Amino acid sequence: MNGHARNMLWQAHRTQPTAMVLLTLILLAMNEFGNGTAQCIEKSCSKNLHKGIKLSKFVKRATAELIKTYQAAQGNFAEQFCTMSMDSMPSSTLWGSSPAERLQSAYIRLTELLPHVTMVLQQQSDLNPYLGSLLSDLARLVIHGRHLALRLSCILQKLQPNVALPEPAVGPTALLPPQNIFQQKVYGCAVLTRVQKLTLLTARELKSLRGQCTDKT
Amino acid sequence: KRVSPNLTCHWDPGEHAPDSNTSYILYAHVEPYSVVSYKKLANNLTVDLGSFPIYMETKVWVEVKNELGSVNSTELLAHAECFVKPNPPSNVMLIPEANFSMSLIVNWTHSFYLKLKYNIRYCQAGSSVWNEVPQSATESYIESFRLQFLQPYTDYVVQMRCINQKGIGYWSDWSPNATARTPEASKSLLTNHPDLIMWFYLSVLRAGAEQVRWSVRDGQLWVDWLPPSGSKWLLRVFEYVLEWVSVPEGKRDCRKSWPKKKSPLRGPSVEATETQKTVFHLKWEEIPVTSQRGFLTNYTIFYKTGDNEQCKRNWLSPTKCYFTLTELASASRYVVCVMASNMEGSVNGSESILYTKYGMYFVKCNTTQLYLHLAFSVIKNHFWPHIPNPSHSTIANWSPDCPTRLPDLSIMEVGMFDGKSLCEEDKTVLPLKKDKYFSEEHSSGIGGSSCMSSPRQSVSDNDEGDSCQTTASTMQYSSVVASGYKGQTPSLQAPVFARSESTQPLLESEEHPEHLLEGSRHWTSGQGIEQQQMQEGKSSYNSLNFCPVAKKKYTPTLTEDPPGLTPCYMPQQSGH
């Protein structure tokens, strides 16, 4: 049987550092999303919806645990970091009059926020490359976030086959002003908090779409 | 705990042995990226997916390449959970329990965020033959299980494995061995009497145990059985009850009475040790063992009264032969019977007729109240005689031909009444006192309800309403005089009397006619007395009018009609 492989990550037989593997995967995933060529293997709308609900809940729980890990790694005054807000990132609010429109806004928000999670991963890796589980968890969040975005796009393709998905913004993090360490710590917690809230709203919108898939598979 | 991001793929190289230049490439594709691993002359490869792609579709295949070309294996496409192989259950322990020589408890802890189902196998230490617990018994999300049918005082080894509860994915590896020894067998089941032939019959009550079997080994009796089939029982059965009957050698044939399980031969006869107003204390004899034909499981009591629906009390313990029925209807007839049941059937005993009692306490209380009431009335009337209320009088017409019944009237002769009740039919006619009346006259109970009817048996608190009481305190105050009665001709002009419907006794002033005469001119609303008027030779009768006369308390009098006063009595046409 013929197959195809894009964005292949070649792994040697020996074990590689986890963080390097994850970073590589993230770059590949981002590239793929940037091209808009990701495909939906699952063709059923209802199954996509079912998996999307589960995945959004999973990402929400994972983000909540990650915030605790992040705070624990920031040292003193970590609780105060997460109470401060920053404007240099997308909000987590949704817009639209119909569930499909709001789901589309969720997709856009997620694709806009995930590069900021990657930025947090890079900043934390620069601050302390031996943080271990925090970096791995941040990298996993990006991967699962990409999976969720893909799942949302597949659902929207089924619900609105004639509506083109908007292109995610190119390099929003490039517009970030330079930040000191304190600002980076605040920035990191603000990004994770918005991701957690966004995935909660996404799960609700997906649940409201349960009866709208017409296929029975 | 997370699922590992490492995906390992195994394959069979095929019929032809690969040469040294053959390489294998493992592809694992999770949209939108793929991870690839490469190795020469291998039959397995592992790729690091970075993170387990939960809830995402995963495609896996292997490419084989040598100098002549390449070929791909079949693609495995499924959700990522379908590629998961859990770790074995953790903390698996085998726990013996005191007094349970034939069982051990297996405990473990869930070690995965996915719901799993388990598989347990065990064997005696040193044996290579494993006994596997049916998977249906461990399908639930449980963390313990009891092994049974084990040998007492024996070492056992147990292992466990698990898989996704939906049955997708792969079984885990078997857990490391857990070892324990079963307790020593209890001596209570043993018999050390070789001279006695013991017959045992096992009954596991209500648990539905299966494949019950027993054997005798080395002077010891062994009994084993299987738990009820069906996983639902495992969550509800918490104990077994073992019962047996020993039969002396001479009664060996008793075994034949139970060649097969049968319903009892007969039911018990029930009797009441005590009956109350709403309660039966029931008792019945225990059915002889030979008639039980199996261990009794319960008694059921049926009871019914009248046409009501039959009631029952079931699942009574077979060890008790008594029961108390409550909330019954008082003063009622009940049909009661007891049904005995064993595992094979039921049989009713003979019916018994039982009666609940009346409210005796209430009757006694009322009787006491009656006595007190009567005594109080006698005392009261003696010291505080009742003064009649004139407002209770009415005018009525009375004709001797019409048996008009006048309420609450009674006639009683003064001096002859010694407290006897006039509620007697034979006292309706009483002779008049000669010094009071001009001729012999027959008095009759004019409409006196108590005298014309059977005596009352109830007690009333109303003095005036109770004719017996009233009767007990009244005096004769009227009489009916018939013209030509028995050929007698009144020598004197018949007095005129008025009559009222009042039952009130006469006032004392009525003893003096002059007083009464004056009083008669003035009608009062009180009770009047009955006056007699007899007209000689009167052929026509006027209706009797009640003439108002001042009422005398106890002494009846005859008065002359005042001049101009309308006669108030219509003499009888025929002799009375």
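In the predicted model, a nonpolar patch on the surface is formed by B:Val378, B:Ile379, B:Phe383 and B:Trp384, which together have about 480 Å² of accessible area. One of these residues, B:Phe383, belongs to helix H4 of chain B, a helix that covers residues 360–383. The relative accessibility of B:Phe383 is 54%, and the residue therefore counts as exposed, since the term applies to values over 50%.

A contrasting case is provided by A:Leu198, which is found in helix H6 (residues 181–208) of chain A. This leucine has a relative accessible area of 0% and is therefore buried, a term that is used for values under 20%. When neighbours within four places in sequence are left aside, the residues in contact with A:Leu198 are A:Ser92, A:Leu94, A:Ala106, A:Arg109, A:Leu110 and A:Leu113. Although A:Ser92 and A:Leu198 are separated by 106 residues in sequence, their C-alpha atoms lie 5.0 Å apart in space.

In chain B, strand E8 (residues 90–97) and strand E9 (residues 100–109) are paired in the antiparallel sense through 6 bridges, and within this pairing B:Ile95 has B:Ile105 of E9(B) as its bridge partner. The two strands E8(B) and E9(B) make up a hairpin in which 2 residues stand between them, and B:Asn99, located in the turn, has a positive phi of about 70 degrees.

An open sheet of 3 strands is also present in chain B, with the order E17-E18-E21 and antiparallel pairing. Its edge strands are E17 (270–275) and E21 (322–325) of chain B, each of which pairs on one side only, and the twist from one strand to the next averages 30 degrees. Strand E18 (residues 280–284) of chain B is joined to E21(B) by 4 bridges, the two strands running antiparallel, and B:Leu282 has B:Phe323 in E21(B) as its bridge partner.

Backbone angles were also examined in loops of chain B. Most residues other than glycine have a negative phi. In B:Ala331, however, phi is positive, at about 50 degrees, although this residue is not a glycine. B:Ala331 is situated in the loop between E21 and strand E22 (333–342) of chain B, and its relative accessibility of 36% is the reason why it counts as partly exposed. A positive phi, near 45 degrees, is likewise found in B:Leu41, a residue other than glycine, which is placed in the loop between strand E3 (33–40) and strand E4 (44–48) of chain B. With a relative accessible area of 46%, B:Leu41 is partly exposed.

Methods. Residues are numbered from 1 along each chain as its sequence is written. Chains are lettered from A and ligands numbered from 1 in the order in which they are written. This is a predicted model: local features need pLDDT of at least 70, side-chain atom pairs count only at pLDDT 80 or more; totals for chains, interfaces and linings use all residues. Side-chain values use heavy atoms; hydrogens and water are left out. Two strands pair if DSSP finds at least two bridges between them. Axes are lines fitted to C-alpha atoms, for helices over the stretch in contact, and angles run from 0 to 180 degrees between N-to-C directions. Patches are made of residues with over 30% relative accessible area and no salt bridge: like charges are joined within 9 Å, nonpolar side chains (Val, Leu, Ile, Met, Phe, Trp, Tyr) within 5 Å. Accessible areas come from the Shrake-Rupley method with a 1.4 Å probe; for residues, only the protein chains shown count as cover. A salt bridge is a side-chain nitrogen of Lys or Arg within 4 Å of a carboxyl oxygen of Asp or Glu. Buried means under 20% relative accessible area, exposed over 50%, partly exposed in between (1.4 Å probe, protein chains only). Contact means heavy atoms within 4.5 Å.
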